[in-house]
Amino acid sequence: MSVHRVMGAETEYGVLAPAHPTANPAVLSTQVVTAYAALVRRRLGATGTTTGWDYHGEQPLTDARGHTLSREHARPDQLTDTAPVLTAEEIAAEALTETGLWAEDTAHRPVTNTVLPNGARLYVDHSHPEYSSPEVTTPRDALRWDAAGDRIALEAVRALAASAEHTGLPAVNLYKNNTDNKSVSYGAHENYLVPRSVPFPDLAAGLLPFFASRQVLCGAGRVGLGPRGERPGFQISQRADFFEREIGLETTVHRPLVNTRDEPHADPGHHRRLHVIIGDANLAHTSTLLKFGTTALVLGLIEAGAAPDAALADPVAALRTISHDPHLRATVPLRDGRELTGVQLQRLYLDAARAHEHAGGTPDEDTREVLDLWAEVLDALETDPLSLADRLDWVAKHALLLGYRRRDGLAWDDPRMTLVDLQYHDVRPEKSLHHRLVAAGRMRTLLDEHRIAEAADRPPEDTRAWFRGRLVARFPDAVAAANWDSVSLTLPTAPGTAPRGARITMPEPLALTRPETDALLGAATGAEDLVTALAAAHPALVRTGALG
């Protein structure tokens, strides 16, 4: 058993213009994406428009339970296969066409969707800027390219602040959190590739107890109980109070612990993409590594038929019960009559993983790291949770808030406590309480800043993200659009002839990696050279013809 599998993260950032509190969040998000897209184009020396997103082949309404929701019955926010549209009134009201963020030859066009040189996607998701990381194969790489998204968010914030004098636009702050404490929650999603052969009911059954209790490892912590934070207190998870169902297709209302969207972004005959929406946005490296690593191990257990029998009597109620008890003493009922804490539920999965590991031989280094860290953290949670204030987000935040309560006599419902909560998540290091802990040596890190900064511009080498990202970096003006499993290029044509293009399909996430394509990319002097060489090596992946 191994933690190695294709995985990735999606982070929606909280967005706020302090000097313009009533600003349209979709417009603010567009400013963020536009600002970063402009930075990328300048760095690459590109003269045309940004690399857009190709919605071809997206199927957000296909349900893993064997049916497809009709568009007539879908909520507008479920139709993620169409580009977001800002109204003329929104654009005019926020002066987006006069931002000065773009060179003259791009006509100052606002950008709501772009593909980055590191293989990621940056776009406006409803009313938030979202960074979707490139595909990776290990929890450490998931951590690295997720943290790279925070660097990208920071650069966008700084670009907007630097341009404020000549654009007249307000400064925009971004927060890597999950709720405004006014009934709105936004996501921190994960994606894992699993074999199509694994029955979806088996996935759901094995994941429900795990997801209900996983927050003890990777919760981000939150002041307030209830969707509006209407009751005083502190809880482990930012997202727990916003989930209402066990299984379902929705992501923004009636949220389920196990999401059924069946949109593999890969060969559907072999792959299923498990879209995980039950999780918090993490800043602590240990929390992030455990989030991805333990989930990968549990998926391996399910695929092997070795997941523990831990069916909960009510998974949604258990999720909230565990979240609302930072002392970790609350128990939740199982269907077989047992009563277990969240930590004890996690221990069942760890024990099963260890038993499966011993049966399969010596684990690889990445798997051993996750197993050892999982055990170490669970041991500490059982004996002294606050000892993990240097490793887990929710514990670090809880310790900070307890310190304020002791020093200033603050009640949990004091507005200053909510401000401290929010400030933990600011992407600006000089403002972020998390980054202050790191700078003071009070929060352990697993990757240095150089490695994270490098990942903001460079794609992973062992997935198709390498080819996607390097195409954007090498031939930015030729890449018309891209998505997870294809790239569309414009090819040079003689004057007076019809425009030509090429579409390159990438159905296998572990193909078109650096070892496979580095020589082709390095030898190509232009997009047409590359298409010709790739067609010779992989003819089934390349289609050329007239554009339009």
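**Note on a helix pair and salt bridges**

1. The axes of helix 3 (residues 139-167) and helix 6 (residues 285-303) come within 8 Å of each other and cross at roughly 130 degrees. That angle makes helix 3 oblique to helix 6. The cut-off matters here: roughly antiparallel would need an angle over 145 degrees, and roughly perpendicular covers 65 to 115. The crossing of these two helices is right-handed. Keep in mind that this is a predicted model.

2. Which residues of helix 3 and helix 6 meet? Helix 3 brings P139, R140, A142, L143 and D146. Helix 6 brings H285, T288, L289, F292 and G293. By class, the contact of helix 3 with helix 6 has five nonpolar, three polar and two charged residues.

3. Now the charged pairs. The count of salt bridges comes to 41.

4. R65 and D63 join their side chains in a salt bridge, at 2.9 Å from N to O. Are the two partners buried or exposed? R65 has 45% relative accessibility, so R65 counts as partly exposed. D63 has a relative accessible area of 3%, so D63 is buried. Buried means under 20%.

5. D336 has a relative accessible area of 49%, which means partly exposed. Exposed would require over 50%. R338, at 31%, is partly exposed too.

6. In the salt bridge of R407 with D408, the closest N and O atoms are 2.9 Å apart. R407 reaches 62% relative accessibility and therefore counts as exposed. D408 stands at 37%, so D408 counts as partly exposed.

7. Which residues are linked in a network of salt bridges? E10, R261, E263 and R273 are. Inspect them together in the viewer.

8. To recap the two topics. Helix 3 and helix 6 cross obliquely, with a right-handed sense, and five nonpolar residues are part of their contact.

Notes: Residues are numbered from 1 along each chain as its sequence is written. This is a predicted model: local features need pLDDT of at least 70, side-chain atom pairs count only at pLDDT 80 or more; totals for chains, interfaces and linings use all residues. Side-chain values use heavy atoms; hydrogens and water are left out. Axes are lines fitted to C-alpha atoms, for helices over the stretch in contact, and angles run from 0 to 180 degrees between N-to-C directions. Helices (H or I, at least four residues) and strands (E, at least two) are DSSP runs, numbered from the N terminus. Angles under 35 degrees count as roughly parallel, over 145 as roughly antiparallel, 65 to 115 as roughly perpendicular and the rest as oblique. A crossing is left-handed if the near helix is turned anticlockwise from the far one by less than a right angle, and right-handed if clockwise. Contact means heavy atoms within 4.5 Å. Ala, Val, Leu, Ile, Met, Phe, Trp, Tyr, Cys and Pro count as nonpolar, Asp, Glu, Lys and Arg as charged, and the others, Gly among them, as polar. A salt bridge is a side-chain nitrogen of Lys or Arg within 4 Å of a carboxyl oxygen of Asp or Glu. Buried means under 20% relative accessible area, exposed over 50%, partly exposed in between (1.4 Å probe, protein chains only).
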